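I opened the model to look up a few contacts and the confidence behind them. My entries are kept in the order in which I made them.

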Amino acid sequence: MSGLRRHLTRYWQGLRVTQKFSLLFGLLTALLIASAVTAYLVFAFIQRQTETMILTSLEIQRLVLEMDRSLEKARRLQRDFFLHYPELGLAEARDRYAEAVVMHVAGVVDMSSRLQRLIGQPEIGSAIKENRVDLNLFLATTTRFGETFLQSLSLITEAAEETSGREAELEANAVWLATILESSSDPILIDRYRQMRLAEKEYLIKRQRHLMQSVLNQVFLLSRMVENTSSLPEDRQLAALVHLNNYRAMAEQTADLDRAIRSRVNEFNLQAETIDPAVSNLIRAAGADVLETRRQIDQLVRRAAVILFLIALIGVVLVLAVGRLWHLSISRNLTRLTETARQMQYGNLRVKAEVDSRDEIGQLAEAFNAMVTEIGSKVSELESSRQIYRRLFEDSHDPITLATPDGGIIDINQAGVVLFGYPLETMKQFKPKDLYIDEREWQAFIGRLTEAGYVSGFETRLRRSDGRVMEVVMNTTVQKAEDGRILFLQTIVRDITEQKAREAENRRLQQQLDGIINSMPSTIIGIDAEFRVTHWNERAAENTGISADSARGEIVTEVCPILKKEKHLIRQALKDRQARQHNKVARQTDRQLQYADITVYPLSTDGHNGVVVRIDDVTDRVRMEELMIQTEKMMSVGGLAAGMAHEINNPLGGILQGTQNIRRRLSAELKANQSAAEQAGIDLAKLADYLRQRNILDYLDGIETAGKRAAHIITNMLQFSRRSESRMAPTDLNQLLEKVIELAGNDYDLKKRFDFRQIELERQFDPSLPLVACTQTEIEQVILNLLRNAAQAMSGPDQKQQPRIHLRTQYENDAARIEVEDNGPGMTEEVRRRAFEPFYTTKPVGQGTGLGLSVSYMIITHNHNGTIEVQSKPSQGARFIIHLPVKAAVRVAGAETGD
Amino acid sequence: MVIKLGAIVVVVGVIVAVLSTIRTGVGPDPFVCRDPIGCVTVLPDEPIKFGVILALSGGSVLLGSEQANIIQLILEQRNGRFLNHPVELVFADERCSPEGGAIAALRLVADPAVIGIWGTTCSGAAVTAARIMSEAGLVMVSPSNTATDLTLPDTPEGARWWPGYFRTAWNDSELGLATAVFAFQRLYLRRAAIVHAGDAYTRGLAETFANEFTRLGGEISLEITIDEEDRQLGPVMEALAIASAEMVYLPLSYPDTVARLTREIRARPYLSRMLILGGETMGYKVYLDEAGEAAVGTYLAVPSVDDTPAIEQLADAYQTRYGEGPPSQNCGFTHDAVTLLLRAVERVAVIDETGSLHIGRQALREALHQTVSHPGLTGRLSCNRFGDCGRSRFVFLRFTDLSAGLAGLYRHPVYFWPPDDAFNTSIGSSE
């Protein structure tokens, strides 16, 4: 609460006098308007409330009384109807009384509904509401009264209607019966009939049930008599019985109708007993509500008077409050200010105006007080400021000069004297040319100063008193007069000679380091602890195609994908601070598998940890290792095969020779055979027949064919150990390849399994390819072998596209490069690795010896010092690449051609 | 200054908004009545109101008074409270007549706080009262209405069935049939006269009896209607004499009327051999007192109820509370009517956060219809779709020894209905 008060006090003190005036008079105006509006609303409300309440109460009272009157009238009419219908006749009584009853009942029901709606209004007094049950009962009973009356009307009509009512029919049957019985002249019958009629009349007068039972008893007895009488002809007898039966039925129905009508009459009485207290209650409640309404109106008027009095009281209090506020805020402060001014007039400059307000009067008082204070403090402030400035000037470790706009020294501090080495007085004589090594720099300095109004970080060279040149950096500000004229230049000079020398040395070292790193064949990447690139040598840029500027700051795995799988190495090196290495990391580029050794060295620089990653491309080394292993393997296998071939060759020769001898000695044409046959008693012709019938000659053919095939294999095996004895000659490989293509087209073995003409051959021959020294037949054999393999591979069911073979030649790195590439099914890595192994084949048994590529390998590597390799992946075809050295060829060619 | 005034206005607005939110937020959710025919709301500390329409005057006042006493007794045993509210009973006299039933029903339905009604005593009063209370959306459970057409809407008289009407008493269609079978097959009577009062109850019984008796091969030689308050019985005797019937069936409402008829018949030598067979109204002490020796040899059919300690306890409590035992053997039906309605109200009553009680009127009707195996004193009650909740089991008795009073009467049952009911039923005594 006190906080709010403080806040309001501050707010009020912050207002201007005009705002205070506006607020106070606004408040007063609002108060007057609010009072007027409130009074109007109160009176309007009271008027409306009282009018509504009085009108509603009166309406309720009127309705209740009207309902009571109408219902009483309806009941009177109903009684009159019952009383008079026997004498007036039913139709007349209905017109005179019944319709009026219905009309009055409908009116009562309508008024009851209106009354219920009125009672539902909120301004209605509680007495009538508390009698809602009575009202409901009144409404329900009135409705029931109407229904009961209509039912009784219907019952009476049914019983007493002049022509078709039950009583009329009873009478009609009795008259008919009398006519018939009188015709019989039987006094007993007529007497019984009269007794029946007497009983009937008594019933119709008294309407008591037991009397009707007497009638019915008489009817029963009379019926029996009529049945047994002989005084009536048969047709009349029957007619009398029919009328008696009808009479009985009408009599019973009349009794039932009377009973029902009596029930309704009883109900009318009960309704009257029920409804009368309810009506009394309602009338009493309506009267009570009128009285209550008047009491409430009086209460409302009293409350309105109290409210108006309170409004007037609040208005007076507020006016007093506004006046008090006016005095405290304005008139009292004006009095104080006037007194303060008077004291100042008499020279008392220490006096102060005590005004606790921030309005114009408060501000005026503050201005008074401030004037006196300001005058006293200005002088001391000036002196103090001058002393501080001088101390700063003299104590500065940096030389500070004050100079005229044309460069003349006005003043210089002790540090400046020490730096330049001149006495102060000497320096005051200096012009810029006396200090600047190059006077154009002075001009540049002035130019920047004129343009910007100050100079910051201006580097130049100045001369010392001992003649040494020093590098300095100058920061200059301009001190101007009020008219904009330049008073002097204040310059802080800093000697940066040593700093410059250090920077130059650092740059040189950096360039040297960069040169070392960039000259390394390895990819060198510096990485910080967040895996961001800090260094990126030229090899890295060359390998990734990303410049050092682009790579620096990036996550290393984003710019050097090979390191994505080596993050753990980097993490471990960062953690353990020990070098980590992962060798022969394989990476597929285009169609070539490349290998790299990755080494991660921990690095700490200025307390920041990081690593240096070195990536060495070892693809060639790995290939070379593979080649060496392959060659060694081939040589071992070759030696073994050659040994075995020699051993097998001799018995094989014996087998083939023996076979030929057998065939010769079975021939009937040789005389030796004829004489031997004669001595043995054998007919050679029959023997021949026998041999044919038993297929012995076919077996001999089989032995011979198998032997020759074995001999062919042996011949191939001997290739491993035997350097070709063929002569090497300078050869145009492009022509050689054309010749091989022609051979392939005519190759029977090739044709019988695959039509070579269906293969598209694409040639990309290098016309600048020099002559290569080689044994033509061997190279032809190698190329033909590769073409056969390709054709066979593309003949399988897995071939989905047009078979195609690319033949390429190219001169590169002093070697002739021959490529044979197909678009066949390719090979798995396992197959590719073992492709050149002897006896390794993927063809079905019997279709290949597994020596073709082994022999090709030996021809290229062993006989021609070349290389042969295969690149392939499943579903991506295969590419055989042969390198044949050109220098050797030239040398050999030279040797052969003349030397 | 304008900005500061604006800030004050905003702050005041926010405070007012927050206060309004708090004011509206803390109040309980008001109950919303979704019952198709409305709800009764009983505010905390207000009484819960039940209506009672019984024959508190006229010829059936004995039965009506007994029923009123039992209703009050059961509520007193609950300390006059139900569902934490005091119970207020609003009584109305039906006078055992249709007009009385109508006026009584009008009185009760005028008060919208009345939840349900116990009554009526007489079927004739129920004919009008059931319609009025049904149209007002109430339910009414009668302990003694037995008229056939009150709960058989598929009969020609079925227009008298109204939704919301229930009864724990039996249906006369079964009693009339049982009486005819008893007269024809056990008493070997073939010619019968019927005297009834022409109202729903007595006419219904008479017609059911007549139909079955005729179907079995008997003859109804006389069927007459009397005014039960008419004391002139000469013409009736005369008619009975003319009818030459072997028996007279007296399905009437007032015990004294039946007693008067019995005396008149026995006083006439020509009717002395006529066998008298009546309904449960002959099971009142009034009948015995007024008929005197003439009652000897008369037969009557009364409802058969299980002889359980609970019924004895109720009779003992009645004796203690009112100084005399219940005048009839039917107090169990009243007890069951009371508990049936209270149980249904318990099942549907909703108490909201203010403690107010809300009872859906249609829900209450449905709850009563769904009553299954309610443990009543007259047996386990299950209500069918037309409001019949009671069981139809009867026993036929014969007055032989007046000195033993009603107790003696009940010691000698002569016939049970259904016939196989004899093995598990015994007859109680109230005298």
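The entries below go from the model as a whole to single residues.

**Entry 1: ground rules**

I am working from a predicted model, in which local features need pLDDT of at least 70 and side-chain atom pairs count only at pLDDT 80 or more, while totals for chains, interfaces and linings use all residues. Residues are numbered from 1 along each chain as its sequence is written, chains are lettered from A and ligands numbered from 1 in the order in which they are written, and side-chain values use heavy atoms, with hydrogens and water left out.

**Entry 2: confidence and chain B**

I noted the overall scores, ipTM 0.83 and pTM 0.54. The average pLDDT of chain B is 87, and 89% of its residues score at least 70; pLDDT is the predictor's confidence in each residue, from 0 to 100. Residues 1-9 of chain B fall below 50, and this stretch has five contacts beyond near neighbours in sequence. Residues 18-26 of chain B are also below 50, with zero such contacts. A contact here means heavy atoms within 4.5 Å.

For chain B I found 13 helices and 18 strands; these are DSSP runs numbered from the N terminus, helices being H or I of at least four residues and strands E of at least two. Chain B has 431 residues, of which 56% count as buried. The classes are buried at under 20% relative accessible area, exposed at over 50% and partly exposed in between (1.4 Å probe, protein chains only). Among contacts in chain B with a separation of 6 or more, 73% join residues 24 or more positions apart.

How much area do chain B and chain A bury between them? I read about 2700 Å², with 59% of it on carbon and sulfur atoms. Buried area is the accessible area (1.4 Å probe) that two parts lose on being put together, summed over both. Chain B puts 31 residues into the contact and chain A 29 residues.

I then looked for polar pairs, and ten residue pairs across the interface are in polar contact, both residues at pLDDT 80 or more. The rule asks for N or O atoms within 3.5 Å; within protein, one must be able to donate a hydrogen and the other to accept it, and residues adjacent in sequence count only if both atoms are side-chain atoms. Helix 3 of chain B gives the most to the side of chain B that touches chain A, six residues. By class that side has 15 nonpolar, five polar and eleven charged residues. For these classes Ala, Val, Leu, Ile, Met, Phe, Trp, Tyr, Cys and Pro are nonpolar, Asp, Glu, Lys and Arg are charged, and the others, Gly among them, are polar.

The count of salt bridges between the two chains is one, formed by A:Glu273 and B:Arg95 with the closest N and O atoms 3.3 Å apart. A salt bridge is a side-chain nitrogen of Lys or Arg within 4 Å of a carboxyl oxygen of Asp or Glu.

I also checked A:Glu267, in helix 9 (residues 234-345) of chain A. Is A:Glu267 buried or exposed? A:Glu267 is buried because its relative accessible area is 2%. The residues it touches include B:Glu99, B:Ala102 and B:Ile103. Its side chain makes a polar contact with that of A:Thr148 at 3.4 Å.

**Entry 3: salt bridges in chain A**

A:Lys201 and A:Glu171 meet in one at 3.4 Å, N to O. A:Lys201 is in helix 7 and A:Glu171 in helix 6 of chain A, so the pair ties together parts 30 residues apart in sequence.

A:Glu821 and A:Arg879 form another, their closest N and O atoms 4.0 Å apart. These residues lie in strand 15 and strand 17 of chain A, so the pair ties together parts 58 residues apart in sequence. A:Glu821 is buried at 10% relative accessibility, and A:Arg879 is buried at 15%.

**Entry 4: B:Ser272**

I finished on B:Ser272, in the loop between helix 8 (255-267) and strand 11 (275-278) of chain B. B:Ser272 counts as partly exposed because its relative accessibility is 39%. A polar atom of its side chain lies 2.8 Å from the backbone oxygen of B:Pro269. Not counting residues up to four places away in sequence, B:Ser272 touches B:Ile265 and B:Arg266.
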